[in-house]
Amino acid sequence: MNQKNFLFRSPAAISIFILILTGWLISTQYFGLSLFASQKSLRLPQLGAATGDIYITHEWWRLLVSQFLHVHFLHMLFNAMCILILASTMERKHGWRVLLGIYLIGGLTGQAARVWAYPLLVTDGASQALMALCAATFILLPKSRLVWFASLIVAIQVALDVHAIAGIKAGHLYGFFAGLFISLAIFFIPGKQALPVK
């Protein structure tokens, strides 16, 4: 597939990718940091990251905005690239509505679960939505070569979680299962049509 077709057939995936990069650029400029410097997590709520305070302030929009903020450059880049790869294929196969449904519901569910489980910590990052996309890949793109890629992402995330907290983080777990349930619902919709994936 040439570049023109990719851009034309994956506008939602590319938009998500750009929003993640934009979130990083805005945070580095806002805090006066170099492009590759790590963010200070406790300062990110100034730009929209979430904490347990949302249950008092009811600033639910933070569950969405926080998905485009990250602490570490490499983490941001890993999330952005993996999301672009999985999301662009998902969009070409099932359309932008399905992609955004999986991404947003999975991401919002994961962010909410993370805030609920760790109210004193700052919740940010697109990992929760990425886990939802991985789950969706297993269900909606079972014959795609991306299944192994999604499996690798999940394995890496589980290994990092186990190393960090000796378990799986709530946001990643709930994001994954949200993507799984949404994908199963889409899979069983009667008369569902899809474009072939090469």
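Is Ala50 buried or exposed? I opened my notebook with that residue. Ala50 is buried, because its relative accessible area is 0%, and the cut-off for buried is under 20%. I keep in mind that this is a predicted model.

**Entry 1: Ala50 and its neighbours**

I looked up where Ala50 sits. I found it in the loop between α2 and α3. Ala50 touches Arg62, Leu63, Ser66, Val115, Leu121, Val122 and Thr123. I then checked one pair of C-alpha atoms. Those of Ala50 and Pro119 are separated by 8.9 Å, although the two residues are 69 apart along the chain.

**Entry 2: the whole chain**

I stepped back to count the elements. The protein chain has nine helices and zero strands. Written along the sequence, the pattern is α-α-α-α-α-α-α-α-α.

How much of the chain is buried? I read off 46% of the 198 residues. I also looked at contacts between residues at least 6 apart in sequence. Of these, 72% join residues at least 24 apart.

**Entry 3: surface and charge**

I looked up the accessible surface of the chain, which comes to about 10,500 Å². Carbon and sulfur atoms account for 70% of that surface. For charges, I found 14 positive and 5 negative. Their mean positions are 17 Å apart.

Ser10 lies in the loop between α1, residues 3-9, and α2, residues 11-30. Ser10 has 0% relative accessibility, so I marked it as buried. What does Ser10 touch beyond residues up to four places away in sequence? I found Ser88, Glu91 and Arg92. Glu91 is 81 residues from Ser10 along the chain, yet their C-alpha atoms are separated by 6.0 Å.

**Entry 4: helix α2**

I checked the length of α2 against its residue count. Its 20 residues should span 28 Å at 1.5 Å a residue, and its end C-alpha atoms are 28 Å apart, so the two values agree. I then picked out the buried residues of α2. They are Ala12, Ala13, Ile14, Ile16, Phe17, Ile20, Gly23, Trp24, Ser27 and Thr28. After α2 comes Gly32, with a positive phi near 65°.

**Entry 5: helix α7**

How many of the 14 residues of α7 are buried? I counted 13, so α7 is largely enclosed by the rest of the structure.

**Entry 6: helix α9**

Helix α9 covers residues 170-187. Its 18 residues should span 26 Å, and its end C-alpha atoms are 25 Å apart, so I recorded agreement. Several of its residues are buried, including Phe176, Leu180, Ile182 and Ile186. Glycines are also on the buried list, among them Gly171, Gly175 and Gly179. Which helices do the buried residues of α9 pack against? I found α6 (96-117), α7 (127-140) and α8 (146-165).

**Entry 7: two positive phi angles**

Last, I looked up backbone angles. The phi of His58 is near 60°, a positive value in a residue other than glycine. His58 lies in the loop between α3, residues 54-57, and α4, residues 62-65. Ala166 also has a positive phi, about 60°, and is not a glycine. I placed Ala166 in the loop between α8 and α9. Is Ala166 buried or exposed? Its relative accessibility is 68%, so I put it down as exposed. The cut-off for exposed is over 50%.

Note on methods
Residues are numbered from 1 along each chain as its sequence is written. This is a predicted model: local features need pLDDT of at least 70, side-chain atom pairs count only at pLDDT 80 or more; totals for chains, interfaces and linings use all residues. Side-chain values use heavy atoms; hydrogens and water are left out. Helices (H or I, at least four residues) and strands (E, at least two) are DSSP runs, numbered from the N terminus. Buried means under 20% relative accessible area, exposed over 50%, partly exposed in between (1.4 Å probe, protein chains only). Contact means heavy atoms within 4.5 Å. Accessible areas come from the Shrake-Rupley method with a 1.4 Å probe; for residues, only the protein chains shown count as cover. Lys and Arg count as positive and Asp and Glu as negative; His and the chain ends are not counted. The place of a charge is taken as NZ of Lys, CZ of Arg, CG of Asp or CD of Glu. The expected span of a helix is 1.5 Å times one less than its number of residues.
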